[in-house]
Amino acid sequence: VRRMGLFAKKIEKQLASYQQELIETHYREVDNMYRQIRGWRHDYRNHIQTMKAYAAAQDWDAIQNYLDLLDTDLQTVDTVIKTGNPMTDAIARQMGHVSWNGLTQHDTIFPLFPFIAGVSFPFSLSKQRASGISERRILFKVIRRGMTLIVLGMIYNGLFRFDFASLRVASVLGRIGLAWMFASLLYMYCKVRTRAVFAAVVLIGYSLLMYLVVAPDAPDGTDPLSVAGNIAGWVDRQWLPGTFACGSFDPEGLLSTLPAIVSALFGMFTGEFLLRKRSSLSGEQIALCMALAAVAITVIGIIWNCWIPINKKLWSSSFTCVVTGYSLGLFALFYYLIDVRGWKRWTFFFRVIGLNSITIYLAQRIVGFGGIANFFFGGAASHCPEAIARVISNAGYVAICWLFLYFLYRKSTFLKV
C-alpha cells in the first residue's frame, strides 16, 4: 500500500509538472502573439497612410499592387498554437497551407482528387465501351460531369445568394471538373505518345511562360513569379469573370488549369498501366513499378524547384510533379496493402468518406457541423490547455462529419456526378 501511495504521489507530481509546463508554454505563446499584434497595429497604421498618399495622387494601380502585397503578407501570419514539443509542432505546421512558395501536407490534398479521378477513368471507359455505350453518349457524360462540377463549385461559393457582382466563379470543384474533363477527352481520342507529348509541352511551356513573362499591368522590375507579377493573375483579370480568391489573382484561375489537366493525365497514365499490365505482371511488380515512377517524378519536381518554385496557387510545373509523385506513391502503397496483401478491414472508415467525398465537401458549407461538434465536445475542450483543446475540437468535428456520412452510407445514399 505504501508503495502504491508513493507511486501515486510520483504520478501526481509528474502531472503537475506537465500541466505547469503547458501553462508556461501557453503564456509565452499568448505574450508573443500580443506583442505581434501591437507590431501589426503599428505597421497597418503606416499602410493606411501609404494608401492615403496613393489615393491623393489618384495612383489606383499602385494602391491595387500595394493591397496585393498586404494580402500576401497577411497570409503569412502564423496562427498555430505551439505545444513546446518539436515533433508535435512540426506536425501542426503541416495542417495548413503555405502562403506562396513551398509545400505542406495540406497542399497535397487537393491535387489527389484530379489524380484519383484520372486513375478511375480508364476502367470506367473500358466498362462503358464493353457494355456497348456509344462514343457520343460517353462524350456527353464526360462533358456533363465536368460542367456539373463547375456549377457545384459556384453553388459552394454562394451562387444561390444571387449576388453575382461578388460571386467567385472559379472554385476547387470547378478546377477538378475542368482538369478531369479535358484529360478524359485527351484519353478518349489521343494515343499514349500524343498524351505524353502534350503533358511535357504543357509543363515545360507553362514554366517558361511563368518564368519569362511578367504581367503587363505589373510595375517595372516586378518578379514574374510573385503575386503581383505572375502572368496567370493577369489572364484572370482579363478574362475570368467574378471576384478572385486572392484579390487580383485566383489560385483556381484559367491559365493554371493547364498543368492541372496534366495532373489528371498522370492519374490516367496510372489507371491505363493498371488496366493493361494486371494480366501480365504480378501485384508486387505493379506496386514496385508505380513506387519507382513516384520516386522519379518527385525527384524531377524537386530539381525543377531550383528554377520554378513549388507553388500550389500557381499550380507550377514543379508542384505538379512533386504532388503527382506523392499521389502515385500513396496509391502504390495502398494498392499493395489492399489489393495485393488483401488487408481491407481497416479501410472502412475511409470508404465511408470516399464514397461521398463531394457530399461532405458541399455539406460543410451548408450544415453547421462546427456548432454541432461544439455542442458535444466544446465543454471538454474548454477545460483543457489550448493545444489539447484544438485537438479535441478538431477530432470532434471529424467525428460529427463522419457520423453524418455513415448515416448516408447505411441508407445507401451517395451523391454521384
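**Reading a helical chain**

Author: In helix 10, the residues Ile286, Ala287, Met290, Ala294, Ile297, Gly301 and Trp304 are buried. Viewed down the axis of helix 10, these buried residues fall within an arc of 110°, so they line one face of the helix. The model is predicted: local features need pLDDT of at least 70, side-chain atom pairs count only at pLDDT 80 or more, and totals for chains, interfaces and linings use all residues. Residues are numbered from 1 along each chain as its sequence is written, and side-chain values use heavy atoms, with hydrogens and water left out.

Reader: What do "buried", "helix" and "arc" mean here?

Author: Buried means under 20% relative accessible area, exposed over 50%, and partly exposed in between, with a 1.4 Å probe and protein chains only. Helices (H or I, at least four residues) and strands (E, at least two) are DSSP runs, numbered from the N terminus. The arc is that of the directions from the helix axis to the C-beta atoms.

Reader: Why can residues separated in sequence point the same way?

Author: An α-helix has 3.6 residues a turn, so residues three or four places apart point the same way. On the other side of helix 10, Leu288, Leu292 and Val295 are exposed.

Reader: What covers the buried residues of helix 10?

Author: The cover includes helix 7 (192–212), helix 9 (257–277) and helix 11 (317–340); contact means heavy atoms within 4.5 Å.

Reader: How is the span of a helix judged?

Author: The expected span is 1.5 Å times one less than the number of residues. Helix 10 (residues 283–304) has 22 residues and spans 32 Å from its first C-alpha to its last, close to the expected 32 Å. Helix 7, with 21 residues, reaches 30 Å, close to the 30 Å expected.

Reader: Which residues of helix 7 are buried?

Author: They are Arg195, Ala199, Val202, Leu203, Tyr206, Ser207 and Met210. Down the axis of helix 7, they fall within an arc of 115°, so they line one face of the helix. Arg193, Val201 and Leu212 are exposed on the other side of helix 7. Among the partners that its buried residues pack against are helix 6, helix 8 (231–239) and helix 10.

Reader: What does a positive phi tell a student to look for?

Author: Most residues other than glycine have a negative phi, and most peptide bonds are trans. Phi of Phe162 is near 55°, a positive value in a residue other than glycine. Phe162 lies in the loop between helix 5 (135–156) and helix 6, and is exposed, with a relative accessible area of 57%. Ser412 also has a phi near 55°; Ser412 is in the segment after helix 15 (386–410) and is exposed, at 54% relative accessible area.

Reader: How far apart in space are Ala165 and Pro241?

Author: They are 9.4 Å apart, C-alpha to C-alpha, and 76 residues apart in sequence. Ala165 is in the loop between helix 5 and helix 6, and is exposed, with a relative accessible area of 68%.
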